[in-house]
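Here is a short report on a predicted model. Read it with the structure open.

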Amino acid sequence: MNGGDRALNETILSVKNLTVEYKSRETGVCHAVNNVSFEVRKGETIGLVGETGAGKTTIALSIMRLLPMPPGRVVSGEILLSGENILAMPNAKMRNIRGDKVSMIFQDPMTALNPIDKVGDQISEMVRLHLKLNRADAAAKAAEMLETVGIPSTRFNDYPHQFSGGMKQRVIIAIALACKPELLLADEPTTALDVTIQAQVLNMMKELKNEFGTSMVLITHDLGVVAETCDRVAVVYAGEIVEIGTADAVFEKRSHPYTRGLFDSLPDITGARKRLIPIVGLMPDPTALPKGCKFSPRCPLADDACRQAPVELASVSDTHLVRCIKAAE
Amino acid sequence: MTTPLLQVENLKKYFEVPQGQLHAVDDVSFSINTGETLGVVGESGCGKSTLGRVVLHLLESTDGTIIYNGEDVTRVSASKLKNLRSKMQIIFQDPYSSLDPRMTIYQTISEPMLITKKLSREDIKKRVFELMDVVGLARRFVNAYPHELDGGRRQRIGIARALSLEPEFIVCDEPVSALDVSIQAQILNLLIDIQSEMGIAYIFITHDLSVVKHISNNIIVMYLGQIVEKVASEELFSKQIHPYTKALLSAVPVPVVDHNKERILLKGEISSPVNPKPGCRFAPRCDYARDACFAENPEFREILPEHFVKCHFAEEFV
């Protein structure tokens, strides 16, 4: 996929054939992530886009090694962070990496902070742990991070409830970036925020990412957010990547019928009003996925060939892969 | 001119809080005609949901007039209110918490008809199935409980219940915000179809500008309890005037890759609606604010035909 560029662009994260399932006695085996592979290069932002239950968050939790186990289980695959397989790492080593080399921002800023701890201390904790600074130096570093995310350091001793949603998300970003991680996983970082605040936060994340040279995996359901922040996009459906490529290629070509369905479902904010074309039906039950193409039960193009055997990702151009045998149509 | 179905004049809703008076809805006026949709858009805390609830008498207004079908209904008796309520319904945002988890779909949809006692049991049964067909719920779900259904289907139950008394007017309070885009499109199409068949008027409350533009005839933009701009929906994106509307539109992420997009970034955050200062409420965040903006509350004026703006210097932004 990126053979020629490899010499130029260092690969930070490489997820190879990741398969994750959740097991429960009542519902059986839930196939949450199926054979997912993608790479993130230095300084790059890749968007994982898809609807509720597609498996986006499970992918991120697997990379952080925060998957609840049981019921979760990595069935197969490798996750290489700077060439090292983190799935094979001892817990102690993983604990050092988490927060230092790879950080995660969660969706809900209202619950991600400790309500009884001062925000400054919550940032200091991270710095002391990983950068081995003493209390005073850590506090200074935390104050600096607060300023970096646009919060006056005079608010160091405030508690989370004294902040608005947008400000809390800034604090969380400050914690996540305090140790200058190589990789940032952002799971719907602005979904809970109002649009004008979302614009502020996205803008700041972009600036900091460029300043620190951080690579980012951005999980979102919002194609607009992807268009504005991501270099590359992977569209996730029923635990599989159905389309992956540069943002330009995916947004322009929209080769998978599911990707096209997502775009057709969106009201057009700039153009004239036309009737929306929803995708018929619902996402398949992850405990009983279709045998062939997982989108075939909802796909307007599907025929017997689609339903019979699993479909592989195939390239439509050198920057763009699609999992559909009808992609040419 | 036809009489509007609903006319709201200088409506106010203040809440008493320990710090003083919270101006949730402050001097809001608008009207809706039969079969039309008025979009109400704004960010969290701008008073849009409170507005919907005051119009429906779910909250008592502090001041102002609500005229329904030519009749002043601002203060009405309990029995009259019951009558009025069957004509005015609401669809809530969260299909997970707005349905009684212990009631089957049949019970949920039939409950309003049992309360009004206008139909026999047989007729109610017929009507429940009719309504399920209208909103696209398979009849086999009639005895299911909400937890057995996904968000899209639950929202269809909420819509069926709202339609059960053949209302003339429905407040839709963020009805698609909790849904995935493909399901959101299904529900929006359904609401549009219902309106064109039954001639129902909607107040459509949302924070999503592309949704509001898609479904509305007219749009009001709210900021801190006040309407800052009122405009026909097709003109919102071509002729927006108020600096807040401009910033709000510019903040919306558009699903088109454009590497040179310029964006207006608002500074700061929404200020407190408790004991608001005199002057324009948006002034502290406005790039164009001058002394006059902080001194005097701007009037809501017609700047272009049928296009109202609450800004001292609106003419400069046309």
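## Helix H6 of chain A

Helix H6 of chain A covers residues 195-212, 18 residues in total. At 1.5 Å a residue, the helix should span 26 Å. Its end C-alpha atoms lie 25 Å apart, which agrees. Of the 18 residues of H6(A), 13 are buried, so the helix is largely enclosed by the rest of the structure.

## Nonpolar cores

The largest nonpolar core holds 63 residues. Those with the most contacts inside it are A:Ile105, A:Ile123, A:Val171, A:Ile173, A:Phe251 and A:Tyr258. Helix H5 of chain A, residues 165-177, gives the most to this core: eight residues. In soluble globular proteins, nonpolar side chains tend to be buried together.

Take A:Ile123 and leave aside neighbours within four places in sequence. A:Ile123 is then in contact with A:Ala142, A:Met145, A:Leu146, A:Val171, A:Ala174, A:Ile175 and A:Ala178.

## The loop at A:Asp117

A:Asp117 sits in the loop between strand E6 (102-105) and helix H3 (119-131) of chain A. With a relative accessibility of 25%, A:Asp117 counts as partly exposed, because buried requires under 20% and exposed over 50%.

Which residues does A:Asp117 touch, not counting those up to four places away in sequence? They are A:Gln122, A:Tyr159 and A:Pro160. A:Tyr159 is 42 residues from A:Asp117 in sequence. In space, the two are 6.3 Å apart, C-alpha to C-alpha.

Terms used: Residues numbered from 1 in each chain as written. Chains lettered and ligands numbered in written order. Predicted model: local features only at pLDDT ≥ 70, side-chain atom pairs only at ≥ 80, totals over all residues. Heavy atoms only, no water. Core = buried A, V, L, I, M, F, W, Y, C linked by side-chain atoms within 4.5 Å. Buried < 20%, exposed > 50% of the residue type's maximum accessible area, 1.4 Å probe, protein only. Helix = DSSP H or I, 4+ residues; strand = E, 2+ residues; numbered from the N terminus. Contact = heavy atoms within 4.5 Å. Expected span 1.5 Å × (residues − 1).
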